[in-house]
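Trainee: I would like to go through this model term by term. Can you back each label with its value?
Mentor: Gladly. Let us open it up.

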Amino acid sequence: MKQLLNTNDMRKALKIGKTKLYEMINNGVLPVIKIGSRYYISEDKLDRFITNRKV
């Protein structure tokens with residue numbers, strides 16, 4: 001089973017603040033899933049997102 005990361009985990013991995021994270025989520029930049037009122041992303045998807053963003 002793949003690990004799901006919460007918003008705190010996402011912020012730490014991306015090294016961004018809460019406002020920027022929610023901006024990215026609301027603009028559809030991060031491929032998150034919403035369960036209830038909380039957002040999650042799989043480790044694999046976040047790793048791919050970070051890898052694809054590096055220049």
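Mentor: Start with Thr7, which lies in helix α1, residues 7-14. Keep in mind that this is a predicted model.

Trainee: Why is Thr7 called buried?
Mentor: Its relative accessibility is 15%. Buried means under 20%. So Thr7 counts as buried.

Trainee: What is Thr7 in contact with, leaving aside its neighbours within four places in sequence?
Mentor: Leu21, Tyr22, Ile25 and Tyr39. Contact here needs heavy atoms within 4.5 Å.

Trainee: What makes the rings of Tyr22 and Tyr39 a pair, and why is the pair called edge-to-face?
Mentor: Take the distance, then the angle. Centres must lie within 6.5 Å, and these are 6.1 Å apart. Planes over 60 degrees apart count as edge-to-face. The angle is 70°, so the pair is edge-to-face.

Trainee: Which parts of the chain does the pair link?
Mentor: Distant ones. Tyr22 sits in helix α2, residues 18-26, and Tyr39 in strand β3, residues 38-42. They are 17 residues apart.

Trainee: Are Tyr22 and Tyr39 buried or exposed?
Mentor: Tyr39 has a relative accessible area of 16%, so Tyr39 is buried. Tyr22 has 30%.

Trainee: How do you know that the buried residues of α1 line one face of the helix?
Mentor: The buried residues are Thr7, Met10 and Leu14. Seen down the axis of α1, they fall within an arc of 55°, so they line one face. They pack against β1 (4-5), α2, β3 and α3.

Trainee: What happens at the ends of α1?
Mentor: Asn6 caps the N-terminal end. A side-chain oxygen of Asn6 lies 3.0 Å from the backbone nitrogen of Asn8, and the limit for a polar contact is 3.5 Å. Just after α1, Lys15 takes a positive phi of about 55°.

Trainee: What puts the buried residues of α2 on the same side?
Mentor: Leu21, Met24 and Ile25 are the buried ones. They cover an arc of only 100° around the axis, which puts them on the same side of α2. On the other side, Thr19 and Asn26 are exposed. The buried residues of α2 pack against α1, β3 and α3 (43-53).

Trainee: Which residues make up the largest nonpolar core?
Mentor: The core has 11 residues, among them Leu5, Met10, Leu21, Tyr39 and Phe49. α1, α2, β3 and α3 each give two or more. α2 gives the most, with 3 residues.

Trainee: What does Leu5 touch, not counting residues up to four places away in sequence?
Mentor: Met10, Tyr39, Tyr40, Ile41, Glu43 and Leu46.

Trainee: What makes β1 and β3 paired strands?
Mentor: Pairing takes at least two bridges. 2 bridges join β1 to β3, and the strands run antiparallel. Leu4 stands opposite Ser42. Strand β2, residues 33-35, also pairs with β3 in the antiparallel sense, over 3 bridges. There Lys34 stands opposite Tyr39.

Trainee: Which residue takes a positive phi in the hairpin of β2 and β3?
Mentor: Gly36, near 65°. The hairpin has 2 residues between the strands.

Terms used: Residues are numbered from 1 along each chain as its sequence is written. This is a predicted model: local features need pLDDT of at least 70, side-chain atom pairs count only at pLDDT 80 or more; totals for chains, interfaces and linings use all residues. Side-chain values use heavy atoms; hydrogens and water are left out. Helices (H or I, at least four residues) and strands (E, at least two) are DSSP runs, numbered from the N terminus. Buried means under 20% relative accessible area, exposed over 50%, partly exposed in between (1.4 Å probe, protein chains only). Rings of Phe, Tyr and Trp (its six-membered ring) pair if their centres lie within 6.5 Å; planes under 30 degrees apart count as stacked, over 60 as edge-to-face and the rest as tilted. The arc is that of the directions from the helix axis to the C-beta atoms. A nonpolar core is a set of buried Ala, Val, Leu, Ile, Met, Phe, Trp, Tyr and Cys residues joined through side-chain atoms within 4.5 Å. A polar contact is a pair of N or O atoms within 3.5 Å; within protein, one must be able to donate a hydrogen and the other to accept it, and residues adjacent in sequence count only if both atoms are side-chain atoms.
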